[in-house]
Amino acid sequence: MAQLPTAPGGYFGRALVVDAGTGAASTLPLSDAVLRGYIGGAGLGAWLMHRLGPPGVDPLAPEAPLAFVFSPLVGTPLTTSAKFAVVAKSPLTGMLTDALASSQFAIAGKLTGHDAIVLRGACERPSVALVDGADVSFIDAAALAGQSAAEAERRLRDSLGRSWRVAAIGPAGERGVRYATISHDGRHAGRGGLGAVLGAKRIKAIAVRAATKVGSADPQAVLAAARDLRARSFGPATAKYRELGTLANLLAFNAISTLPTRNFQAATFAGAPRLAAEDLARLRSVTRNSCASCTIGCEHIYSARGGKKMRVEYENVFALGPMCEVSDPDAVLAASALCDELGLDTISAGGTIAWAMECVERGLIDAPWLRFGDARALLRALEEIGARHGLGALLGEGSRRAAEQVGGGSAAFAPHVKGLEMPGYEPRTMQAMALGLAVNSRGADHNRSGAYEADLSGDIDRLAGGHAHVAAAVETEDRAAIMDSLILCKFLRGVFTEPFDEWAALLAAVTGWDVDGAELRRTARRIVLAKRVYNIREGWQPRDDWLPERLLSEPLRIGSGRIAELTPARLRAMISGYYAVRGLDDQGRPGETDLTDLRLRY
Amino acid sequence: MGTPKAALEWHGSTLLRRTTGILARVTDGPVVVVRAADQELPALPAQVEVIEDPREGLGPLQGLAAGLAAVADRAEVAFVCSTDMPFLHPAFVRRVLRAVTGDGENAVAGGDAGGRGDASSRGDAGSPADPGYAVRVDVGLPLARGFPQPLAAAYRASLAPLAERLVAEQRLRPAFLFDECVVARLDEAALRSDPVLAALDPELDSVLNINEPADYSRARERPAPEITIQRFGTLAGGRRGPEVIRAATVARAAEAAGIALDGHVVAALNGDQITRDGQTPLAAGDTVFFIAADAGG
């Protein structure tokens with residue numbers, strides 16, 4: 001499966017489409033216009049979902065496609081480029097979701113000779129999909145049932161051979177938890193329930209093996225760029241990630257009242273110091289690790305009591321600690337490890353449990369054991385979610401669906417946007433981020449909207465959302481669209497001074513295209529709109545671009561004494577501003593010119 | 001002075017930059033500088049508006065009229081001060097503004113005025129003992145360090161036409177304005193009734209200004225205000241936890257903390273506003289958090 005003669009550098013010019021029901025595989029040609037228009041990763045994944053996803057499909061139905069999408073930079077020596085996107089219609093949101101992850105799976109998957117591997121249909125029994133170059137087969141996965149993703153991966157590589165790379169789901173994915181993950185090499189395609197989609201196809205794992213090579217248009221230029229980027233990756237822009245990891249956010253966010261606590265009832269947490277990276281690093285042994293092809297090395301792996309080791313990120317700790325008011329570091333580490341074993345998105349798990357704790361407190365759920373601050377309750381809730389028994393049957397649906405079932409006004413404090421639970425950025429004290437969370441196609445997500453950068457920049461008043469916040473939300477969303485499509489790790493973003501121009505130079509060196517920064521800005525907008533148009537096709541309504549009622553009706557008093565208030569009128573004004581800047585109508589829908597530019601007419 | 005007062009050096013900044021920075025910290029409305037035509041000013045943040053006084057040489061009432069007119073459509077109340085008040089404290093500004101904006105403060109302020117029997121002719125503030133005592137105060141006028149302080153006072157922006165009329169009538173002293181509106185006079189006890197102000201500026205140094213070179217020298221010899229810093233994440237190194245230092249600006253605080261305030265570091269003032277501007281003024285009691293600007297992930 002060598003590169004097609006007509007394919008640009010860095011591409012094979014085709015996707016592999018596998019029918020899990022029949023075992024048949026076919027190739028879908030990817031034209032130069034499509035590749036240049038969507039690049040790869042999350043962008044190309046959006047196009048593939050338009051192309052291959054039946055309108056209105058149930059995300060857990062056999063015919064719903066799930067795509068592993070690679071990018072032109074995968075396989076180059078560029079730091080952080082060994083990433084891929086998993087893209088599907090989310091069972092949690094009913095809209096498009098894409099989750100990125102890093103590992104050798106990206107390289108092996110792409111070097112099967114495809115720019116994407118798409119799975120459709122469903123196996124008759126639990127299976128493992130094997131993609132060996134152009135050859136596709138399935139093997140029985142009965143022996144792997146109930147295993148964690150890590151254990152399944154280990155067993156498969158033991159039996160298949162070390163040249164295989166494996167992405168797998170845990171028990172939560174097998175049981176259809178709507179925020180189950182897909183994991184590989186300890187990394188997770190975490191958000192949106194992609195593990196449940198794979199589980200619904202009765203596919204425990206997909207194993208890939210490299211069969212070919214891929215070339216760049218200008219290898220010398222790519223090598224020079226890789227050396228330069230590597231040097232820059234050791235600089236101050238990545239120091240935080242290298243030295244303490246993302247958990248360094250915790251105390252800083254607590255100090256500036258941006259740490260969501262007790263299901264967004266507060267923005268500071270008295271127990272934060274116990275969970276801080278600074279203390280954990282002192283009290284526990286920590287080792288650092290890097291993703292494949294990465295020179296930053298952001299992974300901080302902590303040892304918990306009993307010797308178990310786990311990767312700890314800010315989002316894990318925020319969701320399983322302050323959100324649930326749990327301050328025992330061992331409990332939070334154990335909960336984080338349990339999420340990994342079960343294959344659960346920690347943000348959605350923590351957010352849903354925090355919502356349930358508040359429901360118990362208000363007498364809306366009869367589970368007196370589930371209390372804020374109770375570490376054992378947190379662990380029990382996770383176990384029940386992973387098993388989908390007891391309260392887990394309800395909580396495995398995510399906070400939006402659970403609130404619809406419970407009623408009693410609980411939707412007002414269900415911490416989600418479009419069904420996706422909120423990350424650890426308090427919207428009332430980060431009002432550019434508030435807009436980013438409200439309008440993003442994936443739902444409440446900090447990786448598709450980096451508008452918090454503006455809130456933390458000092459250039460705007462983070463408590464008074466307005467025009468500047470709109471501009472920041474658009475800009476950071478565009479940057480994320482390109483980084484998620486090239487794909488480069490966002491932890492690298494601070495090393496670029498003229499990002500679109502610099503990214504265009506990288507893409508040009510790999511592909512041979514005469515692409516420039518202005519074109520990439522247009523591409524970013526196209527990708528953002530393609531996701532929005534997909535959602536519109538699947539039933540999105542303007543009311544979906546909104547925030548939970550609590551955030552718009554309960555002001556916060558921050559440390560300085562100032563009141564942080566985000567009113568519905570202010571959010572509405574920012575959303576209207578966002579629509580205007582994006583060229584959408586006042587209902588958030590694009591016009592005919594933009595639809596034509598999306599290159600969706602096949 | 002040899003140097004225009006606005007441009008006098010102040011701990012690596014200027015007096016005008018400091019004054020506008022203190023006001024920007026306290027208010028959420030515009031900060032306006034009224035200058036004489038062709039008057040050169042030191043560098044100011046982009047958010048600070050500069051307007052020209054259309055009529056020079058007519059004293060503070062003319063400047064007041066021009067400034068109030070500039071904000072009249074955007075603010076109800078303005079704090080008006082001169083540029084040469086290096087010890088102006090945010091708590092002082094808040095206390096004086098409250099005398100006009102209310103929040104239960106009018107009764108106290110008006111009571112002081114009534115007790116002295118010098119409530120204005122148009123707006124007798126009445127007596128706090130009167131049932132239903134309430135008044136719409138137009139001016140919050142501090143009486144501190146032995147003098148009324150019309151250039152460290154709060155004014156309703158709607159007074160702009162009155163001030164302009166008085167200027168046109170050549171009645172150029174602020175006292176003429178006070179004769180025609182409701183003035184809440186805040187003596188030192190009233191000012192110190194604010195516990196924050198009493199703690200952080202007990203001598204009411206906020207109203208000290210600089211008129212002579214010797215004033216400037218004495219002021220400059222004073223130690224910088226006492227503040228607390230805290231470093232977070234990788235910036236902390238081995239120096240975690242709060243630390244008390246003296247610094248008059250964020251840049252000086254960063255220096256004391258051993259931190260370069262570059263593109264990768266921001267400062268959060270009192271857990272509230274975030275800045276990269278090293279000239280952001282600090283006042284006694286402030287807390288500055290230094291955090292990584294790359295705070296996502």
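Predicted model: local features only at pLDDT ≥ 70, side-chain atom pairs only at ≥ 80, totals over all residues.

Guide: A:Val18 stands opposite A:Ala25, a residue of strand 2 of chain A. A:Val18 and A:Ala25 face each other where strand 1 (residues 14–19) of chain A is joined to strand 2 of chain A by 5 bridges, the two strands running antiparallel.

In general terms, the strands of a sheet pair through backbone hydrogen bonds, in either a parallel or an antiparallel manner.

Another antiparallel pairing in chain A is that of strand 7 (residues 127–132) with strand 8 (residues 135–140), which are joined by 6 bridges. Here A:Val131 is the residue opposite A:Val136 of strand 8 of chain A. Strand 7 and strand 8 of chain A form a hairpin with 2 residues between them, and A:Gly133 in the turn has a positive phi of about 65°.

Two packed helices are described by the angle between their axes and by the distance between the axes. Helix 18 (residues 431–439) of chain A packs against helix 24 (residues 568–582) of chain A at an angle of about 65°, and their axes are 10 Å apart. Helix 18 of chain A is therefore roughly perpendicular to helix 24 of chain A. The crossing of helix 18 and helix 24 of chain A is right-handed. Helix 18 of chain A contributes A:Ala434, A:Leu435, A:Ala438 and A:Val439 to the contact, while helix 24 of chain A contributes A:Leu571, A:Met574, A:Ile575 and A:Tyr578. By class, the residues of this contact between helix 18 and helix 24 of chain A are 8 nonpolar, no polar and no charged.

A second pair in chain A is formed by helix 20 (residues 467–486) and helix 22 (residues 517–537), whose axes come within 8 Å and cross at roughly 90°. Helix 20 of chain A is therefore roughly perpendicular to helix 22 of chain A. Among the residues making the contact are A:Glu477 and A:Asp478 of helix 20 of chain A, and A:Arg521 and A:Arg525 of helix 22 of chain A. The contact of helix 20 with helix 22 of chain A comprises 6 nonpolar, 2 polar and 4 charged residues.

Beyond chain A lies its partner. Chain B has 25 residues in contact with 33 residues of chain A. On the side of chain B that touches chain A, at least two residues each are supplied by strand 12 (265–269), strand 13 (273–275) and strand 14 (287–292) of chain B. That side of chain B divides into 10 nonpolar, 9 polar and 6 charged residues.

Within chain B, the domain assignment gives domain 1 (5–215) and domain 2 (224–292). Their contact takes 13 residues from domain 1 of chain B and 12 residues from domain 2 of chain B. On the side of domain 1 of chain B that touches domain 2 of chain B, helix 1 (residues 15–26) of chain B provides the largest share, 4 residues.

Key:
Residues numbered from 1 in each chain as written. Chains lettered and ligands numbered in written order. Domains from an automatic or database assignment. Contact = placed C-beta atoms within 7 Å. Nonpolar A, V, L, I, M, F, W, Y, C, P; charged D, E, K, R; others polar. Axes fitted to C-alpha atoms, helices over the stretch in contact; angles between N-to-C directions. Parallel < 35°, antiparallel > 145°, perpendicular 65-115°, else oblique. Left-handed = near helix turned anticlockwise from the far one by under 90°. Pairing = 2+ DSSP bridges.
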